[in-house]
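Visitor: Hi, I'm new to this one. Could you show me around?
Guide: Happy to. Here it is.

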Amino acid sequence: MSYQDTYQEWIENPYFDDETKAELKALQGNEKEIEDRFYKELEFGTAGLRGVIGAGTNRMNFYTVGKATQGLANYILETKKQDQGVAIAFDSRRMSPEFADAAALCLNANGIKAYVFESLRPTPELSFAVRQLGCIAGINITASHNPAEYNGYKVYWEDGAQITPPHDENIMAAVKSLDITSAKTMDKEAAIEKGLYITIGKDVDDLYIEALKKQVKNQAAIDAVQKDIKIVYSPLHGTGNIPARRILKELGFENVYVVKEQELPDGDFPTVGYPNPESEKAFELAKKLGDEVGADLLLATDPDADRLGVYVKGNEPGKYHILTGNMSGSLLAEYELSQMKEQGTLPADGALIKTIVTTNLADDIAKYYNIELIECLTGFKYIGQHILNMEQTGKGHYCFGFEESYGCLIGTHARDKDAIVATMALCEAAAYYKTKGMSLWDKMVEMYERYGYWQDGIQSIELKGKEGIEKIAATLEKLRQDVPTEIAGYKVLRARDYKADTIKDMVTGEVTETGLPTSNVLYYDLEDGAWVCVRPSGTEPKLKFYYGVKGSGFDDAKEKRAKLGNYMIDFVNEMLK
């Protein structure tokens with residue numbers, strides 16, 4: 001059927017509710033909007049669903065959520081592990097509680113128990129709950145840091161990580177095989193009476209917080225300066241408010257100031273618009289409060305509290321330094337590993353895991369502490385996959401893992417990024433270095449002096465709609481067919497194509513395998529430790545560029561980074577013409 005035929009089907013079919021039909025009828029005459037809503041189905045990808053809320057096959061609504069859940073239910077029934085049940089959490093976004101209930105009742109109608117959190121919870125607590133409750137799977141209704149018009153649907157497997165092969169492929173196939181009208185459902189009261197719909201809350205919260213406390217490396221340092229450290233925190237209208245404040249309070253931090261304007265959950269994100277801790281605008285209110293109270297560090301978690309943004313006090317009055325995800329992740333890696341080494345708990349077969357687009361500073365840190373550096377594809381689920389493999393084989397010990405997009409995991413209580421444990425650890429590190437007469441920024445500079453002045457960047461070109469998706473695909477194919485030999489004055493030493501599973505040595509011509517799963521990603525190892533990576537965003541209509549350089553000092557590294565970043569944007573824009 002054409003998109004127009006599908007649009008008409010939704011208006012006429014009695015399966016769709018009156019509110020949906022009214023929303024669609026109001027679009028009559030707006031061909032571009034109708035095409036965007038119906039030219040394809042909202043794709044159930046390796047991370048689940050994510051899209052704009054609204055009526056249509058290419059939107060987040062009860063019908064797309066129902067279809068995804070029915071596909072998941074069918075696969076769970078095939079595994080014959082349905083008795084384990086499914087944990088479900090949701091964030092502060094519009095329609096999140098409603099979509100969570102829709103998913104739960106679909107599972108219930110298929111005879112599968114659903115353990116649903118009583119109110120919004122962070123993504124890492126959902127990952128923890130899956131493991132704690134022994135569930136076969138988990139569902140989290142969230143669109144992370146996307147704008148307010150978005151929502152999403154993430155699926156986790158029994159190890160607590162987002163689905164990876166073969167489960168992701170099998171679930172995707174199960175969902176794809178269904179019609180939009182295939183989802184089963186049942187009455188909520190009946191589901192509760194039958195013991196299929198189970199509400200969870202405080203008991204899991206308490207266990208989660210206790211699991212975080214076990215990751216504290218130096219409580220003595222916190223005790224020594226807990227009255228002196230000043231912390232500003234913002235949950236950006238999301239799920240982090242209660243757990244982040246609770247863990248800091250229970251560890252003894254006495255001066256935690258919450259940004260009141262961003263304290264309460266609000267799916268419209270009225271003070272930020274784009275609730276992303278990577279954005280400077282998201283920190284405007286925190287900086288204002290930080291100036292008022294003289295804060296040592298400013299922290300902000302995204303709506304589902306799996307990513308943490310960090311500003312740290314500089315040596316100049318009123319000056320805060322922004323830590324990118326690469327910087328804060330490296331700082332935490334250094335702290336955690338140094339504490340393990342000092343306390344004699346650093347495993348001989350320890351490993352630091354990072355994604356391919358994460359700073360090469362991580363490589364230097366791993367080398368310094370004489371542990372293995374493992375590189376994986378973008379997506380924290382691949383870090384989780386390595387943790388599971390270590391547990392199953394008994395080979396290797398997970399010490400720390402992070403990715404450039406402001407996410408890390410300390411410990412193995414969860415298998416996804418955890419901004420609550422990162423908040424706790426950053427404050428602990430600040431306390432420890434304060435006992436040594438250092439700020440977090442002092443430590444960051446010390447690390448640059450030891451390892452080299454690594455600077456990394458990320459930029460993107462947004463290409464919306466069907467035409468944009470086609471342009472992104474065409475651009476990557478052009479780069480694939482005509483491999484550059486030089487980028488911004490740097491010779492390309494190796495060209496990695498993760499879709500073709502090849503690494504080509506540009507000097508010798510030798511081709512080897514990447515050893516990683518297939519992914520539409522291109523990566524170029526350049527001279528002098530520099531690198532560039534190009535990939536489509538998995539969650540937004542964007543073509544993304546990652547790059548890194550190593551300089552002799554701050555100014556040199558920043559200049560090299562700017563030159564490389566500008567070159568890539570101009571280079572790809574020229575290709576898009």
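Guide: Let's start with strand 12 (residues 350-355) and strand 14 (residues 397-403), which run parallel and are joined by five bridges. Helices (H or I, at least four residues) and strands (E, at least two) are DSSP runs, numbered from the N terminus. This is a predicted model, where local features need pLDDT of at least 70, side-chain atom pairs count only at pLDDT 80 or more, and totals for chains, interfaces and linings use all residues. Residues are numbered from 1 along each chain as its sequence is written, and side-chain values use heavy atoms, leaving out hydrogens and water.
Visitor: What stands opposite Leu352 in strand 14?
Guide: That's Phe400.
Visitor: And what order do the strands of the open sheet have?
Guide: The four go 13-12-14-15, with mixed pairing; strands pair if DSSP finds at least two bridges between them.
Visitor: Which strands stand at the edges?
Guide: Strand 13 (372-376) and strand 15 (407-409) do; each has a single partner strand, so one side of each is left without a neighbour in the sheet.
Visitor: Is Cys106 buried or exposed?
Guide: Cys106 is buried, at 1% relative accessible area. Buried means under 20%, exposed over 50%, and partly exposed in between (1.4 Å probe, protein chains only).
Visitor: What about Cys427?
Guide: Cys427 is in no disulfide either, as the nearest cysteine sulfur, in Cys408, is 12 Å away.

Methods:
Disulfide = S-S within 2.5 Å.
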